[in-house]
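Let's take a walk through this structure together, with an eye on its charged side chains.

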Amino acid sequence: DQTQNKPDIPDDPVQGELALSNEADRLLEDIIDNPFKPLSQRYNRFSSSYKGNKAKNELVDKGALIERHVRTQNGKRKLLELTDKGREYAENSLDLDTKHKGRGDIIHRYWQHRIKDLFEEACWSAFLEKFDADVYVNMGNTELVVEVAMGDNPREIKHVEGHLERFDTVWIACRNEEVREGLQQRLAENSLEDDRVVFRLFREFNSEQLPEV
């Protein structure tokens, strides 16, 4: 679901048209091409980590990016998300295509891609945004869909209700236990408790192996 609990994004610190260095342009292009790459790998494109970090700080300070964090199997990873100003600059000044696969903010998209990749590594066919699901998985004789739940949002229940009419199994991947408990309560209140609904936590997808299907 695109409606999530996330921190308020401050107004762009600099108004008006952006003017960025060549290094910042290069980093911005890499962020668009590889949205989930670790910063350390991004900085390999520069002569030093210092220069890479300087380019990142320039993009943040000028309002082209905001910094977000996600917990991975290797600890916390910093993700860089384009602002409207950054997206406009990339499209108009650098002629870059800023369209991305997945919906919601970069944290939501990170988990969509992570879950899809794990299913594919387990040799299943997985797709983003198919049949109005965050992740759709075809296992040959059975179909499974995954909804990525950033918050305890009533819209998640609407999605689950629709999926139960069509699919064999519905996974709800939750940001934390609080979100899971809230959605479990909403399912009960809507008489949607069903053995086909399986709750997972994001951290379960940090393993190299897919949780048991």
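Is Arg200 buried or exposed? Arg200 is buried, with a relative accessible area of 14%, where buried means under 20%, exposed over 50% and partly exposed in between (1.4 Å probe, protein chains only). Please keep in mind that this is a predicted model, in which local features need pLDDT of at least 70, side-chain atom pairs count only at pLDDT 80 or more, and totals for chains, interfaces and linings use all residues. Residues are numbered from 1 along each chain as its sequence is written, and side-chain values use heavy atoms, leaving out hydrogens and water.

Arg200 meets the side chain of Glu204 in a salt bridge (3.2 Å, N to O); the term stands for a side-chain nitrogen of Lys or Arg within 4 Å of a carboxyl oxygen of Asp or Glu. Glu204 itself is partly exposed, at 28% relative accessibility. Searching the whole structure gives 17 salt bridges.

Another of these pairs is Glu177 with Arg203, whose closest N and O atoms are 2.7 Å apart. Glu177 sits in helix 7 and Arg203 in the segment after strand 7, so this pair ties together parts 26 residues apart in sequence. (Helices, H or I with at least four residues, and strands, E with at least two, are DSSP runs numbered from the N terminus.) Arg203 is exposed, with a relative accessible area of 55%, whereas Glu177 is partly exposed at 31%.

Finally, look at Glu67, which forms a salt bridge with Lys78 at 3.0 Å between the closest N and O atoms. The two link distant parts of the chain, with Glu67 in strand 1 and Lys78 in strand 2.
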